[in-house]
Amino acid sequence: MSKIANAFAGGKAFIPFITCGDPDMETTAAAVRAAVSSGADLIELGIPFSDPTAEGPVIQGANIRALEGGATTDSVFGLVRELRRDVTVPLVFMTYANVVFSYGSERFISTCGELGIDGLILPDLPFEEKEEFLPLCRKYGVELISLIAPTSENRIAMIAREAEGFIYVVSSLGVTGVRSEIKTDLGAIVEVIRENTDVPCAIGFGISTPEQARRMAAISDGAIVGSAIIRLLEKHGKDAPPYIGEYVKSMKEAVAAANLN
């Protein structure tokens with residue numbers, strides 16, 4: 001079993017997303033550790049990018065703050081090297097294909113493997129073009145995470161059959177951000193996924209409250225939250241990690257309650 005799949009082995013997983021370098025790398029490291037100590041099963045680390053097309057205004061703002069603060073791909077790698085001294089949960093990068101290309105695909109992915117990055121999510125990489133990166137990911141032991149969106153429709157089964165690590169199910173159309181309600185028929189999407197693979201799936205985009213997290217975890221294998229955590233960083237800055245820890249604890253408890261349903 002891969003390290004990512006193992007994160008789901010103990011029940012429903014809670015996965016926080018944190019933009020690296022917002023407001024600085026020291027705060028990111030403290031936020032990651034607070035999240036892990038509060039029950040996070042896997043951490044998504046965002047590498048800042050100047051044109052994050054899948055992101056709403058909250059995470060766009062985090063990207064801008066991180067880049068203005070001097071965050072670079074190399075400094076993010078340095079952060080991971082430091083985190084891996086004591087953080088053992090799976091770490092997954094979420095970034096854009098251009099970040100990987102501009103760094104040099106093999107150099108980027110081999111460094112991920114060397115530092116202990118377990119997976120890579122590229123929301124702007126079409127499924128049909130994943131061969132650009134998949135051989136390198138396999139070479140260096142980094143799982144290329146597939147996304148399935150409401151628009152995937154007749155491609156859901158095909159994507160699911162070839163998925164590895166976990167499947168990121170996008171809850172709704174549009175960009176990331178907090179939503180008051182999620183109306184997509186996610187149960188039907190997850191049903192098709194289950195018919196075609198044993199790879200776990202987690203739902204993200206728009207989840208912010210414990211009740212939303214519990215409902216999403218009840219129909220899938222876990223919940224992913226980004227914008228609500230970034231709002232805490234935006235509000236509290238360098239003082240945010242304890243607030244993030246409290247928030248993650250409440251969300252993990254809600255996700256774990258879905259195991260009882």
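This is a predicted model: local features need pLDDT of at least 70, side-chain atom pairs count only at pLDDT 80 or more; totals for chains, interfaces and linings use all residues.
Leaving aside residues up to four places away in sequence, Ser 220 touches Lys 12, Val 190, Arg 194, Cys 201, Ala 202 and Ile 203.

Pro 200 is likewise a loop residue, placed between helix H9 (186-196) and strand S7 (201-204), and with a relative accessibility of 10% Pro 200 also counts as buried. When residues up to four places away in sequence are not counted, the contacts of Pro 200 are Ala 5, Phe 8, Gly 165, Phe 166, Ile 167 and Asp 221. The C-alpha atoms of Pro 200 and Val 248 are separated by 21 Å, the two residues being 48 residues apart along the chain.

## Overall fold

The protein chain comprises twelve helices and eight strands. Its radius of gyration is 17 Å, close to the 18 Å that the globule rule gives for 261 residues, so the chain is as compact as a globular protein of that length. Taken along the principal axes, the box filled by the C-alpha atoms is roughly 45 × 40 × 30 Å.

Of the 261 residues, 59% count as buried, and among contacts with a separation of 6 or more, 73% are made by residues 24 or more positions apart. The accessible surface of the chain comes to about 10,700 Å², and carbon and sulfur atoms account for 50% of that surface.

How many of the ten residues of helix H11 (residues 227-236) are buried? Seven of the ten are, so the helix is largely enclosed by the rest of the structure. These buried residues are Ser 227, Ala 228, Ile 229, Ile 230, Leu 232, Leu 233 and His 236.

The elements against which the buried residues of H11 pack are S1, H2, H3, strand S8 (222-225) and helix H12 (241-257). Just after H11, Gly 237 adopts a positive phi of about 60°.

## Charges and salt bridges

The protein chain carries 23 positive and 34 negative side chains, and the centres of these two sets lie 4 Å apart. Side chains of opposite charge can pair when their charged atoms come close. A search of the whole structure finds 17 salt bridges, and the pairs described below are among them.

Asp 22 forms a salt bridge with Arg 65, in which the closest N and O atoms are 2.8 Å apart. This pair links distant parts of the chain, since Asp 22 belongs to the loop between strand S1 (13-19) and helix H2 (25-37) whereas Arg 65 belongs to helix H3 (residues 57-68), 43 residues apart. The two partners fall into separate accessibility classes: Asp 22 counts as buried at 1% relative accessibility, while Arg 65 counts as partly exposed at 25%.

## Further charged pairs and a network

A salt bridge also joins Glu 106 to Lys 139, with the closest N and O atoms 2.7 Å apart. Glu 106 lies in helix H6 (residues 105-115) and Lys 139 in helix H7 (residues 134-140), so this pair ties together parts that are 33 residues apart in sequence. Glu 106 is partly exposed, with a relative accessible area of 35%, and Lys 139 is exposed, with a relative accessible area of 54%.

The salt bridge in which the side chains of Glu 211 and Arg 214 meet (2.9 Å, N to O) lies within one helix, for the two residues are three residues apart in helix H10 (residues 210-219) and are therefore separated by about one helical turn. Both count as partly exposed, Glu 211 with a relative accessible area of 40% and Arg 214 with one of 25%. Elsewhere, a network of salt bridges links Arg 33, Glu 82, Arg 85 and Asp 86.

Key:
Residues are numbered from 1 along each chain as its sequence is written. Side-chain values use heavy atoms; hydrogens and water are left out. Helices (H or I, at least four residues) and strands (E, at least two) are DSSP runs, numbered from the N terminus. The radius of gyration is taken over C-alpha atoms; the globule rule is 2.2 Å times the number of residues to the power 0.38. Buried means under 20% relative accessible area, exposed over 50%, partly exposed in between (1.4 Å probe, protein chains only). Contact means heavy atoms within 4.5 Å. Accessible areas come from the Shrake-Rupley method with a 1.4 Å probe; for residues, only the protein chains shown count as cover. Lys and Arg count as positive and Asp and Glu as negative; His and the chain ends are not counted. The place of a charge is taken as NZ of Lys, CZ of Arg, CG of Asp or CD of Glu. A salt bridge is a side-chain nitrogen of Lys or Arg within 4 Å of a carboxyl oxygen of Asp or Glu.
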